[in-house]
Amino acid sequence: MIRTAIEDLGRRRPSPTVALWCTAVGVTILLQWHWMTLYMDIRYTFGALRAAGQAGSSAPEVFIHRPMAHRALMSLLDHLTFGATEFRERLALSIAIVCAGISGAWLSRSLRDWLDRTSATYVGLAAFAALAWAPTVTVLQPEWTAVLLSVAAIAAALGRQSSVAAWRSPWLVVAGTLLALAALQKYTTATTVVVALGVLVVVSWRRGAVVAGWTAVTTVGLFLLTLLNRHEYQWFREMPELNDTAVVKWSALGSSLWYFPFLNPVVMVLPAAVILGYRLSRRRIWWAGPPIAAAVVMAGVAVQNAYYLHHYAALSVLAGAVVALACALWIRRVGTFPSVALIGLVWMPTAWWLSRRPLQWRADHVGLAVAGEIAVIALSIALAVRQPLDPADASRPQASWWKWLLTAAALALLLSFPAWPRTPALAYTAGETRVSEAAGRDRGIGTGRAIHEAAGGAEVVYAAGQQAAYFIGLPTACRYPTPTFLARSTRAPNAPSLASFQENLGCVRDRNAKYLVLNPQLIERGSAVPSVRQTIAAEFDCQHPVLQKENLLLCARRR
């Protein structure tokens, strides 16, 4: 019997679905491997956890401008990696891509109970691609991890295993827990959770209501548990004092509203996809759902008053899923190539050409890029309105396989563009790309190695930028590996009286730290209050540094 079972197992072919997803994840990692590099915000997190961890501090005890839930998740990821800096970054990003693949495949499987198999696969692959091919500045940010957890939560809630929409359903509890973790990634990521709950309510209002209940209970419970940590409560109260949210940055908001669609072109064809979906179903949710979801995401961005492109992470995944669903439904019913995909194929060569122009040329021709966006949006809407709804050939209701394949290729180009090696990472008029980030990593490794060797592995205190602890790797007993409260102390009149400021300044006086790693620009006049510069001058001899490398000084403690 055992022999027969083994022989049957050997003859059994792998599931086509498993093969598809393994191929999608494997090809994504293979294509990105050479250009994989972490953004400085992520290095800041890993570097702080590692530097303080060497002195015995755990993730909840280390200050990073991120809530405890995100610090714990990143600490777990960091413990799964190993090797030299370059390989370790690639491994961390590969693990992130695998997690995105698992979430996308899970979503695809769960949606089969609500959509046809091909449409469900399209949506799952689109969600995976939007996560896995997100810009370098976005991957592993709290907004990105919140979307990843939200996709998994939707999959858990909509699957066949959670068919009983009751409070006791374990998979609905899992969905609520995942959404609670998503909300706690950065607190403003609660807007991502609202969008996810909206999706569940649209598909199954009973499941959405149950998951919403578990999400609320679990979020409040976990949040209160984190505040039992004295320093977490302290940072929760004091960090907002240093954030600049008083005046709306209208210029930054306006720039981000056109930077984001250019760098995430699937967003440009979202209005056209909404039109296609409505024409197919005549359901008003197509008109109401995506705009409301986009407004919720924008509310989370506006609250922060910091219009970085990774704050829009949920919008790119939402757009990818909606566009993919509209295309799949259109091909399934009409059998013709969807106009949205056609526009994507036409636009991508133009976007590629524009993104490879010299930086000064791009700055001088901003209007050309904006005009291109407007033209794409207008043309895609016009074609979506006028594209015939009747099947092209009534005798052949099933579309040819090449139409499915060509549409998938067009969507893949739209969704992968943000992670191409020379796609601008921060903004159309900024010079950061994956190529430049990789070159900056090599410089950082060299600088960090030199400072580490000069200090002889001794304990230090850091008064430098985000990536200093990451590349240098020297231990610190200070729970503030990046001196945020010192460097921003002029932003709040009462900053010197904050407990976190006093603790951070106390690290400078700690005699166990033999050296100071200093970036003079970080504490220049107008940024840090005078007492910071005075304390540093009294404790360390930075007029005669042990080593000066790039913009960093290694200063020995005065005797």
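In the second largest cavity, H14 gives the largest share of the lining, with four residues. The structure is a predicted model, and the exercises below use it as it stands.

## Exercise 1. The second largest cavity

Solution. 

Step 1. The volume is about 90 Å³.

## Exercise 2. The largest cavity

State how many cavities of 30 Å³ or more the model has, then describe the lining of the largest cavity.

Solution. 

Step 1. The count is five cavities of 30 Å³ or more.

Step 2. The largest cavity has a volume of about 160 Å³.

Step 3. Its lining has 21 residues, and those nearest the centre are Ala134, Pro135, Asn264, Ser316 and Pro418.

Step 4. At least two lining residues come from each of H6 (117-132), H12 (250-263), H15 (313-333) and H19 (401-416). H15 has the largest share, three residues.

Step 5. The lining divides into 18 nonpolar, three polar and no charged residues.

## Exercise 3. H5 against H7

Decide whether H5 and H7 are roughly parallel or roughly antiparallel, and list the residues in contact.

Solution. 

Step 1. The axes of H5 (residues 85-111) and H7 (residues 142-158) come within 8 Å and cross at roughly 30 degrees.

Step 2. Angles under 35 degrees count as roughly parallel. H5 and H7 are therefore roughly parallel to each other.

Step 3. The crossing of H5 with H7 is left-handed.

Step 4. On the H5 side, the contact uses Ala96, Cys99, Ala100, Ser103, Trp106, Leu107, Ser110 and Leu111. On the H7 side are Trp144, Leu148, Val151, Ala152, Ile154, Ala155, Ala156 and Leu158.

Step 5. This contact of H5 with H7 comprises 14 nonpolar, two polar and no charged residues.

## Exercise 4. H7 against H8

Work out the relative direction of H7 and H8, and the classes of the residues that meet.

Solution. 

Step 1. H7 packs with H8 (residues 170-183) at an angle of about 165 degrees, and their axes are 8 Å apart.

Step 2. Angles over 145 degrees count as roughly antiparallel. H7 and H8 are therefore roughly antiparallel to each other.

Step 3. H7 and H8 cross in a left-handed sense.

Step 4. From H7, the residues in contact are Ala146, Leu149, Ser150, Ala152, Ala153, Ala156 and Ala157. They meet Trp171, Leu172, Val174, Ala175, Leu178, Leu179, Leu181 and Ala182 of H8.

Step 5. Of these residues in the contact of H7 with H8, 14 are nonpolar, one is polar and none is charged.

## Exercise 5. The second largest pocket

Identify the residues nearest the centre of the second largest pocket, and the elements that line this pocket.

Solution. 

Step 1. The second largest pocket has a volume of about 1100 Å³.

Step 2. There are 36 lining residues, with Val199, Val202, Val203, Leu318 and Val322 nearest the centre.

Step 3. Two or more lining residues come from each of H5, H6, H7, H9, H14 and H15.

Step 4. By class, the lining of this pocket has 30 nonpolar, five polar and one charged residue.

Methods
Residues numbered from 1 in each chain as written. Predicted model: local features only at pLDDT ≥ 70, side-chain atom pairs only at ≥ 80, totals over all residues. Heavy atoms only, no water. Axes fitted to C-alpha atoms, helices over the stretch in contact; angles between N-to-C directions. Parallel < 35°, antiparallel > 145°, perpendicular 65-115°, else oblique. Left-handed = near helix turned anticlockwise from the far one by under 90°. Contact = heavy atoms within 4.5 Å. Nonpolar A, V, L, I, M, F, W, Y, C, P; charged D, E, K, R; others polar. 1 Å grid on protein atoms, 1.4 Å probe; cavity = no way out; pocket = protein on both sides within 12 Å on 5 of 7 lines; lining within 4 Å. Points joined across faces, edges and corners; volume = space filled by probe spheres on them.
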